[in-house]
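Thanks for coming. I have one structure to go through today, so let me put it on the screen.

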Amino acid sequence: MTTETVTPSQEVAEILLQQGGEMLRECYQCGTCTAICPWNQVTTFTIRKLIHKAQMGLVDFEDQEIWRCVGCRLCVDRCPRGVDVPKVIRAIRRVVMDVGAGVVPHALRIADKNLAGVGNPLGEPREKRNDWAKSLDVKTFTKDTEFLYFACCYQCYDSRCRAISRAAVNILKKAKVDFGILGAEQVCCGESLRKAGHESLYQSLARTNIEVFQQAGVKKILVTSPHCLHTFRDEYGEFGGNFEVIHTAQYISTLIEEGRIKPTKRLGKRVTYHDSCCLGRYAGMYDEPRQILQSIPGLELVEMRNTCQYALCCGGCAGRLWQETLKGERFAETRIEQALEIGASVLAVYCPYCMVNFEDSLLSSGKSESLRIADITELVEEAISA
Ligand code: SF4
Ligand code: SF4
């Protein structure tokens with residue numbers, strides 16, 4: 001047996017630290033992250049080893065494994081040293097996306113090009129951004145309007161996800177909420193792109209939105225995507241964008257509590273709820289979605305394995321939604337199995353990425369007859385439309 005000698009590269013390790021990977025220094029290679037990482041159940045990906053290579057400056061920037069981590073944070077709360085693993089991974093990806101080493105996966109390169117060109121990952125025309133709202137009679141936001149409703153790119157352009165923004169608008173109108181929308185000058189929130197490592201483009205998107213919001217006099221933003229929630233609320237402040245950002249999980253649960261909308265129509269379904277990473281581990285919102293579901297007459301809420309802070313990612317965060325994941329390696333397939341295993345007929349979500357991933361996996365599993373994927377916004381709309 002021959003043993004290959006590798007020489008650590010202090011220079012590369014330094015670059016990774018400069019790109020935001022400072023927490024690399026804290027890792028003492030215990031392997032807890034590898035044990036809990038969901039990739040460990042379906043591939044040979046080992047996050048501990050990748051971190052070790054990064055510590056030594058020995059990352060192979062051409063290895064496609066550096067794009068695996070979905071930034072789900074499942075490992076972060078369990079790391080004895082509190083290492084923010086997604087931030088370390090982001091630093092590695094920045095070396096590829098921003099510094100120019102290595103190879104960007106083809107599908108990610110296309111989404112990135114679309115974001116740079118037309119401000120959305122799907123490559124759809126800017127001027128069609130608000131087509132989803134046609135015939136809904138939604139007013140344009142002005143400085144006297146209370147809330148800006150911001151629809152995620154998928155809720156603007158994806159035919160399945162458009163139903164979510166339309167449902168949100170119908171609920172807000174029923175509750176007589178003072179809200180409006182802005183037009184084609186808005187761009188993608190950029191949350192996933194940042195996790196995928198293209199920091200300079202992310203900052204340019206963030207600055208565009210901040211300018212649009214500030215010029216329009218926006219103070220409060222309602223969102224139906226937890227990805228928009230995370231970056232608008234927790235990251236835009238770095239660039240001077242300080243807004244009150246509220247996810248509809250919080251807002252709709254308050255509307256129900258205050259009696260401004262009343263779910264009266266019986267749904268008579270056994271429903272399970274999938275906690276998205278961004279609404280759950282990132283924003284700590286586990287109760288509100290469940291409270292909303294429990295307020296719907298006839299709805300039986302049942303819990304899957306791996307729920308709340310232990311929830312399994314749908315597999316679509318951090319740019320993975322734009323990349324192909326092999327059948328047998330998709331977390332969404334596991335989640336669908338878990339939902340069916342407890343006899344649920346509806347898998348409820350509160351995130352457009354989860355919606356897209358689950359719909360895809362359900363279709364390829366051939367089990368569309370047994371399970372419906374529904375956003376909670378859609379279920380509420382149905383329950384109040386007596
Ligand atoms: S759990 Fe934390 S300390 Fe342990 S190997 Fe993973 S990152 Fe390093
Ligand atoms: S954040 Fe999630 S996907 Fe990434 S290494 Fe940790 S557990 Fe694995």
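I will start with ligand 2. By class, the residues around ligand 2 are 12 nonpolar, 1 polar and 1 charged. That shell has 14 residues, and the closest are Cys37, Cys69, Cys72, Leu74 and Cys75. Two helices, α2 at 32-36 and α5 at 85-97, each supply at least two residues of the shell. Please keep in mind that this is a predicted model.

Now ligand 1. Here too the shell is made of 14 residues, with Cys27, Cys30, Thr32, Cys33 and Cys79 the closest. The elements giving two or more residues to it are α2 and α4, the latter being 47-56. Its classes are 9 nonpolar, 3 polar and 2 charged.

Next, the sheet. In what order do the 4 strands of this open sheet run? The order is β2-β1-β3-β4, and the pairing is parallel. β2, residues 179-180, and β4, residues 244-247, are the edge strands, each pairing on one side only. Between β3, residues 220-223, and β4 there are 4 bridges in the parallel sense. One bridge to look at on the screen joins Val223 to His247 in β4.

Two helices go with this part. Helix α11, residues 226-234, packs on the sheet and touches β1 (147-150), β3 and β4. The direction of α11 makes about 160° with that of β4. Helix α12, residues 248-257, lies across β3 and β4 and runs at about 75° to β4.

On to the core. Which residues of the largest nonpolar core touch the most other members? They are Tyr149, Ala348 and Phe358, out of 121 residues in that core. Helix α5 gives the most to this core, with 8 residues. As for Phe358, leaving aside neighbours within four places in sequence, Phe358 is in contact with Cys314, Ala332, Arg335, Ile336, Leu347, Val349 and Ile373.

Last item: helix α17, residues 376-384. Of its 9 residues, 8 are buried, so to speak for the helix as a whole, α17 is mostly covered. The buried residues are Ile376, Thr377, Glu378, Leu379, Val380, Glu381, Ala383 and Ile384. What lies over them? The cover includes the helices α8 (162-174), α12 and α14 (287-294), along with the strands β7 (346-349) and β8 (372-375). Helix α12 is the one I described lying across β3 and β4.

That is what I have. Thank you.

How values were computed. Residues are numbered from 1 along each chain as its sequence is written. Chains are lettered from A and ligands numbered from 1 in the order in which they are written. This is a predicted model: local features need pLDDT of at least 70, side-chain atom pairs count only at pLDDT 80 or more; totals for chains, interfaces and linings use all residues. Two strands pair if DSSP finds at least two bridges between them. Two residues are in contact if their C-beta atoms, placed from the backbone, lie within 7 Å. Axes are lines fitted to C-alpha atoms, for helices over the stretch in contact, and angles run from 0 to 180 degrees between N-to-C directions. A residue is near a molecule or strand if its C-beta atom, placed from the backbone, lies within 6 Å of it. Ala, Val, Leu, Ile, Met, Phe, Trp, Tyr, Cys and Pro count as nonpolar, Asp, Glu, Lys and Arg as charged, and the others, Gly among them, as polar. A nonpolar core is a set of buried Ala, Val, Leu, Ile, Met, Phe, Trp, Tyr and Cys residues joined through C-beta atoms within 7 Å. A residue is buried if 20 or more other C-beta atoms lie within 10 Å of its own, exposed if 12 or fewer, and partly exposed in between; C-beta atoms are placed from the backbone.
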